[in-house]
Amino acid sequence: MRRPTSSPPELPGYSYVRVLGSGGFSDVFLYDQQLPKRRVAVKVLLLDELTPANRAAFVAEANLMAQLSAHPYIVTIYHADVASDDRPYFVMEYCSGPSLGERYKQAPLAVADALRTGVRLSSAVQTAHQAGILHRDIKPANVLSNDYGWPALTDFGISSAVDDALPAHTTTVAGAVGDTSTSGTSGQVGLSVPWSPPEMFEDDPDPDVRSDVFSLAATIWTVLAGQTPFEVKGRGNGTLDLIGRIERGAITPMDRTDIPRSLIAVLQKGMATEREDRFASALDFGRALQRVEMELGYARTELEVPNLHLEAPERPADTGGADETRVRQVATIEAQPVAAAPPPGGADETRVRSTTTIEAQPSAAHVSMPPAAPSAPVTPPVVVDALPSETVVRPRGPAPQQPPPAQVESVDPAPTRSGRGRVVGIVVGVLAALVVAAVVVGIVLFGGSPEEAGPTPGASSSPDAVVPTIIPVPELASAATAEGTVVTFPVTNPDPEDGDRLVWRLSRADQPQLKTAEGDAVVVDGYTEGTPLCVDIMILRAGKTSDPLTTCYPPA
Ligand SMILES: Nc1ncnc2c1ncn2[C@@H]1O[C@H](COP(=O)(O)OP(=O)(O)OP(=O)(O)O)[C@@H](O)[C@H]1O
């Protein structure tokens, strides 16, 4: 049952506007900040939840998000304090757009949009991993969007001490999966079943970066499919149904014809049942999505990961040595205090999530792939060995029981393992053979980094679908100017070739069509004062586009 929203606290320097939403332990309100003037979201711990453990968890969430706040695709924290009524709160970036959870329920995302979102989220998740933080609760509802339509990852998984009414984002789904983000409890803690990897259902889960990769892939699958990957329409989608399918790798085939097989293969690999069969890092997953973008002729979305630029694209296998200095320190996040143990045997025995820490991943500069020939088998990149798996796992109860075979839907493939045996690339129904083939192709073709793999045709019929030549990124020739509603962005091509053309589109979540610019400037009508107008400008050469120059008027 929904609880009433708490009253917004009096905060000096801020005026209350309205309620934005409620979590299990906190409410989020919109305020107007007076100086500097801007709208902010303020998350306030509930009065009823002011236990020392919850306070500590709340503060830990703020600290952890602050550590990652500079990232463009992670919600920014501005400030944290305790209100005069003793409730802790933190002030964060107001994300005015819908969450991915809201968006996919309205309509599945276009392929280009999902790819762009996937690469951006991969950047955010990789950045968290490099800082030593596992998110552990990546799902569409935890991806908000800001004024520019950019995704903003939130809810870093340490905020909730779970009470009788488990907060939606930390619970599993009982009953129908129709509203996967809001319903039910099952005694599982700290995970959202529809997007959780199978290892999270073990008695003593030991998640690592590949667990987040699974949830990331499941999130992108969800926004493309318009439903969660293990949900089967018209069949039982309760917690045990889902867990059974997740453990068997029984992904429901996508009911869309416009999704390239290469993208399906990437997502399948991201959601492989065994972690060894997944991408070794969020960075690798993001790169695989970039390859699909290139295969489809879309502009490649940048991976915004610290120190990524230090990685020489053509570098062969990691040589260690000098690179070691680039490895960031282990980020130590204090574990969340454990709440008093509930009565033994209760379904919610271990309700409190603790912070999950991992050793900081090497920076991207250190994460190099093996020198994979296109036909090379998948070899974990060097980082896997170095991958630290010191994970502070939350206390938790026993794993839920496997569904008995009788509960398994007939459309699911027969389990090929007992418990958590090895299953790779299991798919469902008549598309199974096709998709498995695509997975194999994906594994073979995507085993290496894009730089090493060279042309990566994926599902494209054209062998040169990925053009290895670099198309220069356009540069701003001078500052953009506005006249009324018309903004002019003067642009230069740093390395022009005959036939080059400038193309552009508004930087928006709904991925408008590319337009061709006349001459050396992009002229956009539609500026309104007070709302930045942002565009992605690219050079079009031989049917391929360069990376975008993303620029705004007025400049940020
Ligand atoms: N920065 C923000 N900008 C806009 N809306 C936000 C922001 N942060 C949270 N919200 C809204 O408030 C709701 C509750 O946020 P919260 O982080 O508490 O969610 P939760 O994950 O469901 O709860 P919990 O933190 O207890 O797990 C969200 O679903 C979202 O709609």
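These legends walk through several close-up views of the structure above.

The model is predicted, so local features need pLDDT of at least 70 and side-chain atom pairs count only at pLDDT 80 or more, while totals for chains, interfaces and linings use all residues. Residues are numbered from 1 along each chain as its sequence is written, and side-chain values use heavy atoms, with hydrogens and water left out.

**View 1. Helix H4 and the glycine that follows.**
Let us start with helix H4, which runs over residues 209-225. Helices here are DSSP runs of H or I with at least four residues, strands are runs of E with at least two, and both are numbered from the N terminus. H4 has 17 residues and spans 24 Å from its first C-alpha to its last, close to the expected 24 Å; that expectation is 1.5 Å times one less than the number of residues. Of its 17 residues, 16 are buried, so the helix is mostly covered. Buried means under 20% relative accessible area, exposed means over 50%, and partly exposed is in between (1.4 Å probe, protein chains only). Just past the end of H4, Gly-226 adopts a positive phi of about 80°.

**View 2. Helices H6 and H7 side by side.**
Here helix H6 (residues 261-270) meets helix H7 (residues 282-295), their axes coming within 10 Å and crossing at roughly 175°. The axes are lines fitted to C-alpha atoms, for helices over the stretch in contact, and angles run from 0 to 180 degrees between N-to-C directions. On the H6 side, the contact is made by Ser-262, Leu-263, Val-266 and Leu-267, and on the H7 side by Phe-285, Ala-288, Leu-289, Val-292 and Glu-295. Contact means heavy atoms within 4.5 Å. These residues divide into 7 nonpolar, 1 polar and 1 charged; Ala, Val, Leu, Ile, Met, Phe, Trp, Tyr, Cys and Pro count as nonpolar, Asp, Glu, Lys and Arg as charged, and the others, Gly among them, as polar.

**View 3. Helix H7 in its surroundings.**
Staying with H7, its 14 residues reach 20 Å from first C-alpha to last, close to the 20 Å expected at 1.5 Å a residue. Because 13 of the 14 residues of H7 are buried, the helix is largely enclosed by the rest of the structure. Gly-297 follows H7 and has a positive phi, near 80°.

A salt bridge is a side-chain nitrogen of Lys or Arg within 4 Å of a carboxyl oxygen of Asp or Glu, and the count comes to 12. Arg-116 and Asp-536 form one of them, at 2.9 Å from N to O. Since Arg-116 lies in helix H3 (residues 111-130) and Asp-536 in strand S14 (residues 533-541), the pair ties together parts 420 residues apart in sequence. Arg-505 also meets Asp-536 in a salt bridge, at 3.6 Å from N to O. Arg-505 sits in strand S11 (residues 501-506), so this pair links parts that are 31 residues apart in sequence. Shared partners join Arg-116, Arg-505 and Asp-536 into one network. Arg-116 is buried at 5% relative accessible area, and Asp-536 is buried at 1%; Arg-505 is buried too.

**View 4. The Arg-39 and Asp-32 pair.**
In this salt bridge, the closest N and O atoms of Arg-39 and Asp-32 are 3.1 Å apart. Arg-39 is partly exposed, at 41% relative accessibility, and Asp-32 is partly exposed at 22%.

**View 5. Thr-154 and its neighbours.**
Thr-154 is found in the loop between strand S7 (151-153) and H4. Its relative accessibility is 11%, which counts as buried. Leaving out residues up to four places away in sequence, Thr-154 touches Met-65, Val-75, His-135, Asn-142 and Leu-144.

**View 6. Ser-546 between two strands.**
Ser-546 lies in the loop between strand S15 (544-545) and strand S16 (549-553), and is buried at 2% relative accessibility. Its C-alpha is 9.6 Å from that of Val-503, a residue 43 positions away along the chain. Beyond residues up to four places away in sequence, the partners that Ser-546 touches include Ala-299, Ile-471 and Met-538.
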